[in-house]
Amino acid sequence: MSDSGTVFSPLALTGPLSFLPLAQGDVDYDTASRQQPGLLDHLLDQDGTGVILVRGDRVAVPRGKGVLSGRTGASIRLATLPATYLRGPLAGSTDRFELPCYYLGKAGQQAWLALDLNLVCAHRAVQAPLRDLAQAADQRFDWLALREYAPHGRPRQVGLATCAVALSIWHERQAFCPRCGAPVHPCQAGWAQICQGNASGDKHTLFPRIEPAVIMAVVDGRDRLLLQHNRKWAPGFRSVTAGFVEAGENLEHAVRRETMEEVGLNLGEMRYLGSQPWPFPSSLMVAFRARSLNTNIRVDGEETDEANWFTREEFGAALASGRLRIPQAASVARYMIEQWYGSEL
Ligand SMILES: [Zn+2]
């Protein structure tokens, strides 16, 4: 609690974008506990520990609930298992630090784990009971991509799911040490990897590499919004400008450079709007509103093949007519466009 008495959740958004689907959750990451010997074993022995199920970019929801995704106002909870249910299958299935679980943190007295079915299935050392449980889980639950689930979940569960998906995708994609090429194993309750060492005996601790990307709502002096079309997108689909931060570059430079490259606009003042993880596979989207100093758009013709300024009236009419489609409900772009427009879409 601050001096003024205001309570902030750990992921509270304090920028102008007051809600972003993947930046929710109020779970204490409890980072100090991650290196405790036997932490995962200990948590699995606690009756109160909750477990969610993850597999790459997908999370498990109760059977029959998956079809609710995309329906306006539908609420979907994650499928959760009591940790005690996993004790038998997990006991002795691997050596301790390779348990295919991530410790996601605690909410009050309750600890949360994610069981990663990708890790279960990838690992030769996993024994039959756990493999059977993983196969059963594939059948007994519906599986939703995080992007499909997030708009329907409660904040705490969306926060848990986002962390679990980010870790699952990282472990799935990085099976070997990028420094020495040796195999890696999860450690620190899933938040790091330890490489098994090269011939000279070096071992490295590896952490997820997050790739920042900037995304900008560019407006002109009349407060018209720039929306552009990427060559790879379906006709009619448009979004705001975005791109990855390059080596040795700061965020502001990336905003100006990407905008100049894609649409030939020179930006003046800019303002930070907010950020949210986009773990597909490892991005962090950092959003800005920026004002263009010129209005003569010049698309690069390679990545971007069309871009236009929209007044609110033009935008609303194009959307209503079906001529214009905009990004989905889990994306930061959607909320940037809504913030400019002044209402939900
Ligand atoms: Zn290594």
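This is a predicted model: local features need pLDDT of at least 70, side-chain atom pairs count only at pLDDT 80 or more; totals for chains, interfaces and linings use all residues.
Helices here are DSSP runs of H or I with at least four residues, strands are DSSP runs of E with at least two, and both are numbered from the N terminus. In those terms, helix α9 is followed directly by G342, whose phi is positive at about 100°.

- With strand β3 (residues 80–82), β1 runs antiparallel and is joined by three bridges, and here G50 stands opposite P82.
- Strand β2 (residues 58–62) is another antiparallel partner of β1, paired over two bridges, with R58 of β2 as the bridge partner of R55.
- β1 and β2 form a hairpin with two residues between the strands, and in this hairpin G56 takes a positive phi near 60°.

**The surroundings of G50**

- Apart from neighbours within four places in sequence, the residues in contact with G50 are L81, Q110, A111, W112 and L113.
- The C-alpha atoms of G50 and T84 are separated by 9.2 Å, while the two residues are 34 apart along the chain.

- Three strands in the order β7-β8-β9 make up an open sheet with antiparallel pairing, and its edge strands, which each pair on one side only, are β7 (184–187) and β9 (205–206).
- The antiparallel pairing of β8 (residues 192–195) with β9 involves two bridges, and I194 stands opposite T205 of β9.
- Helix α6 (residues 155–173) packs on this sheet, where it touches β7, β8 and β9, and its direction makes about 20° with that of β8.

**Helix α9 and its contact with α8**

- Helix α8 (residues 312–321) and helix α9 (residues 332–341) have axes that come within 10 Å and cross at roughly 125°, an angle that makes α8 oblique to α9.
- In this contact R312, F315 and G316 of α8 meet I337, W340 and Y341 of α9, and the residues involved divide into four nonpolar, one polar and one charged.
- Eight of the 10 residues of α9 are buried, and the helix is therefore largely enclosed by the rest of the structure; the buried residues are V332, A333, R334, Y335, M336, I337, E338 and W340.
- The elements that cover the buried residues of α9 include β10 (211–219), β11 (225–230), β13 (267–278), β14 (283–292), β15 (304–310) and α8.

**Backbone features in loops**

- F280 and P281 are joined by a cis peptide bond with an omega of about 15°, and P281 lies in the loop between β13 and β14.
- A189 has a positive phi near 55° although this residue is not glycine; A189 is placed in the loop between β7 and β8 and is buried, with a relative accessible area of 8%.
- D223 is another non-glycine residue with a positive phi, here about 65°, and its place is in the loop between β10 and β11. At 22% relative accessibility D223 counts as partly exposed, because the buried class ends under 20% and the exposed class starts over 50%.

**Cysteines**

- With a disulfide taken as a pair of cysteine sulfur atoms within 2.5 Å, the count of disulfides in the model comes to zero.
- C177 is buried with a relative accessible area of 4%, and C195 is also buried, with a value of 0%.

How values were computed. Residues are numbered from 1 along each chain as its sequence is written. Side-chain values use heavy atoms; hydrogens and water are left out. Axes are lines fitted to C-alpha atoms, for helices over the stretch in contact, and angles run from 0 to 180 degrees between N-to-C directions. Angles under 35 degrees count as roughly parallel, over 145 as roughly antiparallel, 65 to 115 as roughly perpendicular and the rest as oblique. Contact means heavy atoms within 4.5 Å. Ala, Val, Leu, Ile, Met, Phe, Trp, Tyr, Cys and Pro count as nonpolar, Asp, Glu, Lys and Arg as charged, and the others, Gly among them, as polar. Buried means under 20% relative accessible area, exposed over 50%, partly exposed in between (1.4 Å probe, protein chains only). Two strands pair if DSSP finds at least two bridges between them.
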